[in-house]
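Please look at the sequence and the model shown here, and then read the report below alongside them.

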Amino acid sequence: MKLKGWKELTPGAVILEAGNAAEFKTGSWRAFKPIWIEENCIQCLFCWLYCPDMAIKVKDGKRAEYDYDYCKGCGICAMECPGKKGQKAIVMVEEGR
Amino acid sequence: MARIVAVTGNEAVAEALRQTNPDVCAAYPITPATDLMQRFASFVANGQVDTELILVESEHSAMSACIGAAAGGGRVATATSSQGLALMWEMLYIAAGTRLPIIMPVVNRSLSAPLNIHGDHSDAMGARDSGWIQLWSENGQEAYDNTIQAFKIGEHMDIRLPVMVCLDGFIISHSIERAEYLEDSEVKNFVGEYKTLNPLLDIDNPKSFGPLILPDLFHEYKRAQHEVTTKVKDVVLDIAKEFEKISGRKYGLFETYRLEDAEIALVILNSAAGTSKDVVDEFRDRGIKVGLLKPRLFRPFPYEEVADALKHLKAICVMDRADSSGGYGPVFLEVSSALYHVKKRPRMINKIYGLGGRDYLPQHAEQVLEELVEITKTDNVRIIKEYIGVRE
């Protein structure tokens, strides 16, 4: 992405394009990575609801794989995941392990 | 036809706010600005303006609400003094950095401690780096005229910056003087219908205000903001010309008084300039070539123009009604910066006067001018910065 010069900026740093957060990929911040374990998933979609970014993908009303470009590794999805019979469907693992 | 009235400075500025009819005004009372906003609140209560008056719990909230309203797309005004302005401090930078034309009369008062409610310039001088335009006013008439012009300057499409209109607490805000009011229709036509720029309430075009700007862009935003300040001088002069057409009163970047053929001069802001002009006349009667320069646009400071107006002088005293503890007075700093680039510079001294509302008397000006006469004779500056009117 080419950075703008001072003559190209909107007055007062106002952002005129709505929804441009998608251009800002926050995945590189991550120290812990959530792993989805499908067999423990009851499709409650709490993870999708609680995710503060847009890292949880849903396809045809069902939980799909992570979009790690937008996952900061905050762990909220793993925390909220009720799992199945005491087995979490989301676990956090340290990056690079 | 102008209406001739006898009013206090606060009354005159409240009248200017009534005539400019802001959409939103969020304010919190503080001496000596309280009475200004109280009068304006009466206009709101009596249905004489369309303004939404928001009563808030502090000046920090007042400026925050003004920022929100201005971002929303309204004409916005407030007023404050002293600690109130100090409490607004972080929001002042946000108003300017977000390029929101909020108009704010500042009824100048000292800053605590020790606690004092009287007039000096410490409050507005502390905010001089915030990015606001500052217009300074000698009397109620100038405060009224500057307030009306401030709307047109700040809201100008090439500028879009907030403007402070400074007037001396009590000395001007609470003293009754003759003033000429313009007709409501003249003011209405002069300031015109408010024009929005990227208003937040234009919900068909959603946008975000106040994003995080990291090191990869912040420097560019500040450079862009500087560029805007370079355009302010011309806009201020154009608007002054337009204002002269409806009022007959002439305004510039500063006022000069008997300065053209002067050898020594005072540089002094606001109400004390009036007292000083009388003393300038006395010295002129004695055959001493004395003049005066009274800054009006202090931010952005018109360095080249001030240097041109002062460079022929032999000696200058810059008078400051605010102190910078451990530094020279704020007006002195600007004037000496302006004159540094002149080949043959006048000798310069700095006097701190009138802090916390201490009276500035003709004998203070006389004392300073005698010292300047002495400097022209001996070419010897005894001391650069000194307090006058102070007991030993």
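In chain A, residues 24 or more positions apart account for 62% of the contacts with a separation of 6 or more, where two residues are in contact if their C-beta atoms, placed from the backbone, lie within 7 Å. This is a predicted model, in which local features need pLDDT of at least 70 and side-chain atom pairs count only at pLDDT 80 or more, while totals for chains, interfaces and linings use all residues. Residues are numbered from 1 along each chain as its sequence is written, and chains are lettered from A and ligands numbered from 1 in the order in which they are written.

**Chain A**

Two helices and four strands are found in chain A, and along the sequence they follow the pattern β-α-β-β-α-β; helices (H or I, at least four residues) and strands (E, at least two) are DSSP runs, numbered from the N terminus. The radius of gyration, taken over C-alpha atoms, is set against a globule rule of 2.2 Å times the number of residues to the power 0.38. Chain A has 17 Å, whereas a compact globule of 97 residues would have a value near 13 Å. Its C-alpha atoms fill a box of roughly 60 × 30 × 20 Å, taken along the principal axes.

**The sheet of chain B**

Chain B holds an open sheet of seven strands with mixed pairing, in the order β3-β2-β4-β5-β7-β6-β12, and two strands pair if DSSP finds at least two bridges between them. Because β3 (52-55) and β12 (297-299) of chain B stand at the edges with a single partner strand each, one side of each is left without a neighbour in the sheet. Strands β4 (residues 76-77) and β5 (residues 102-108) of chain B pair in the parallel sense over two bridges, and I102(B) in β5(B) is the bridge partner of V76(B).

**Where the parts touch**

Domain bounds come from an automatic or database domain assignment, which for chain B gives domain 1 (3-247) and domain 2 (256-387). The C-alpha centres of these two domains of chain B lie 28 Å apart.
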